[in-house]
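Have it open next to the text as you go through the points.

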Amino acid sequence: MNSTKVVAISGPSGAGKTTMVNELAKEFGCSFLLFDDHTDKHTYPKNMKSWLMNGANVSLIKTPKFVISLESLISKSSSRFIFIEEPFGKERDAMSPLIDYVVLLDQPLELCLSRIIRRHTEQPSSNSICSISNYLDRYEDHFRDIYISAVQQVRNNADLIFNEVASVKDTTNYISNWLKSNTS
């Protein structure tokens with residue numbers, strides 16, 4: 001029987017999920033999967049504002065490639081952990097049975113927003129300013145409320161909620177120590 005534990009790192013866009021998954025996988029010498037590597041044009045509901053107004057059911061966010069990749073990785077793994085970037089923790093029906101622990105990076109939304117803006121400006125393209133402007137329009141209109149709703153859903157079933165604004169090193173150490181102390 002496989003004893004590998006799947007640890008989902010969750011939180012809103014800009015919370016540091018990708019960074020944390022990479023750092024923890026490096027520390028524990030294990031595999032990882034990133035949510036954005038498994039999304040496509042069919043992942044999200046067509047009208048996210050309507051989706052939010054209709055209850056923000058995160059199970060309507062579909063990533064079948066992610067599920068298949070994770071199932072395959074679990075079946076082959078001999079590592080203690082597999083780390084995944086899963087913004088919605090155990091809240092999506094397709095992912096819930098595959099996840100053992102959820103760590104929520106519950107960061108202030110203004111910090112997350114500044115990181116998103118920085119991401120757009122550090123990887124400039126011909127439409128970076130337009131892209132930032134469009135994102136901010138959607139953020140004010142409904143993205144902020146989507147992030148709040150999703151974080152609240154994850155918070156209800158998270159095993160560890162990390163809400164300190166800390167360095168990558170300190171955050172990694174805190175989560176790593178928690179995993180070493182609280183997982184068998």
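1. The chain exposes about 9900 Å², and carbon and sulfur atoms supply 49% of that area. Accessible areas come from the Shrake-Rupley method with a 1.4 Å probe, and for residues only the protein chains shown count as cover. Buried residues make up 45% of the 184 in the chain; buried means under 20% relative accessible area, exposed over 50%, and partly exposed in between (1.4 Å probe, protein chains only).

2. Some housekeeping. This is a predicted model, where local features need pLDDT of at least 70 and side-chain atom pairs count only at pLDDT 80 or more, while totals for chains, interfaces and linings use all residues. Residues are numbered from 1 along each chain as its sequence is written, and side-chain values use heavy atoms, with hydrogens and water left out.

3. Overall build: 6 helices and 5 strands, in the sequence pattern β-α-β-α-α-β-β-α-α-β-α. The radius of gyration is 16 Å, close to the 16 Å from the globule rule for 184 residues, so the chain is as compact as a globular protein of that length. The radius is taken over C-alpha atoms, and the rule is 2.2 Å times the number of residues to the power 0.38. Helices (H or I, at least four residues) and strands (E, at least two) are DSSP runs, numbered from the N terminus.

4. The C-alpha trace spans about 50 × 35 × 30 Å along its principal axes. Of the contacts between residues at least 6 apart in sequence, 77% join residues at least 24 apart; contact means heavy atoms within 4.5 Å.

5. Now the sheet. It is open, has 5 strands in the order β2-β3-β1-β4-β5, and its pairing is parallel. The edge strands are β2 and β5 (160-162), each pairing on one side only. Two strands pair if DSSP finds at least two bridges between them.

6. Another 4 bridges link β1 to β4 (residues 101-105), where serine 10 has leucine 104 as its bridge partner. β3 (residues 81-85) is worth a click: 5 of its 5 residues are buried. Phe81, Phe83 and Glu85 lie on one side, Ile82 and Ile84 on the other, and both faces are covered. In a regular strand the side chains alternate between the two faces of the sheet.

7. On to helix α4 (residues 109-122). Leu109, Cys112, Leu113 and Ile116 are buried. They cover an arc of only 100° around the axis, which puts them on the same side of α4; the arc is that of the directions from the helix axis to the C-beta atoms. The face turned away carries the exposed Glu110 and Glu122.

8. Helix α6 (residues 168-182) has buried residues Thr171, Thr172, Ile175, Ser176, Trp178 and Leu179. Their arc is only 160°, which puts them on the same side of α6. Lys169 and Ser181 are exposed on the other side. Cover for the buried residues includes β1, α1 (17-28), β3, β4 and β5.
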